[in-house]
Amino acid sequence: MDDHRSEKSEPLVQLSEVEKIEGKVKSAFYELREGEVWFSKEIKREHRRLKTSLARYLLQSRFLAVLSAPFIYAVIIPFVLLDLFVSVYQAVCFPVYGIPKARRKDYIAIDRNQLGYLNRLEGVNCMYCSYGNGVLAYAVEIAGRTEQHWCPIKHARRVQNAHKRYSEFLPYGDAHAYREQIEQVRNDFKDLKERK
């Protein structure tokens with residue numbers, strides 16, 4: 001296998017500051033160099049060899065999958081609107097209440113489309129999924145920070161996939177804890193401030 005350190009090719013992906021801070025990724029397929037993803041020449045050749053042509057990909061697709069594509073891609077409209085609205089919402093409201101803003105780039109990672117073994121349609125599909133899931137994660141983070149400020153009380157029943165701030169919320173039905181600790185919980189964003 002080629003020595004990764006001696007290769008003189010261009011990086012494929014720029015990583016966010018959070019990804020750079022969180023540590024180095026160890027993989028047999030790529031390496032991180034100063035926050036950028038790099039592939040060896042051998043891995044790039046293997047990617048090209050395993051790429052399926054667009055025509056073959058379409059011919060192998062199920063007919064109903066092709067028919068469902070317009071319904072799938074139509075959801076881009078609410079994704080873009082959600083992205084726009086939550087971005088404007090936090091830009092206007094979070095400074096008023098002292099809530100730290102969520103950095104959009106920490107939630108929306110679009111990099112898989114640059115993999116050499118994906119044809120153009122697969123790359124577009126990966127971009128779409130990355131964007132949609134990233135926007136939803138971004139919106140959940142903004143909503144979680146909002147909920148922490150306005151109503152940091154756990155629910156009576158178990159909630160599936162609660163946002164990461166939920167675990168610090170006050171117990172359901174504990175009026176004393178609510179009255180005594182609301183301001184403390186409402187303003188407890190030190191974990192976010194420490195990350196900066």
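1. The remarks concern a predicted model. Glu141 is buried, its relative accessible area being 5%. Its salt-bridge partner is Arg145, with an N to O distance of 2.6 Å. Arg145 is likewise buried, at a relative accessible area of 3%; the cut-off for this class is under 20%.

2. Both Glu141 and Arg145 belong to helix α6, which spans residues 120–150. Four residues separate the two, about one turn of the helix.

3. A further salt bridge links Asp191 with Arg165, where the closest N and O atoms are 2.9 Å apart. Asp191 is placed in helix α8 (residues 190–195), whereas Arg165 is in the loop between α6 and α7 (175–186), so the pair ties together parts that lie 26 residues apart in sequence. Asp191 is partly exposed, at 36% relative accessibility, while Arg165 is buried, at 7%.

4. Salt bridges with shared partners also join Glu141, Arg145 and Lys164 into one network.

5. Which residue does Arg103 meet in a salt bridge? The partner is Asp106, and the N to O distance between the side chains is 2.9 Å. Arg103 is partly exposed, with a relative accessible area of 37%. Asp106 also counts as partly exposed, at 26% relative accessibility.

6. As to the total, the structure holds eight salt bridges. Those discussed above include Arg103 with Asp106, Glu141 with Arg145, and Asp191 with Arg165.

How values were computed. Residues are numbered from 1 along each chain as its sequence is written. This is a predicted model: local features need pLDDT of at least 70, side-chain atom pairs count only at pLDDT 80 or more; totals for chains, interfaces and linings use all residues. Side-chain values use heavy atoms; hydrogens and water are left out. A salt bridge is a side-chain nitrogen of Lys or Arg within 4 Å of a carboxyl oxygen of Asp or Glu. Buried means under 20% relative accessible area, exposed over 50%, partly exposed in between (1.4 Å probe, protein chains only).
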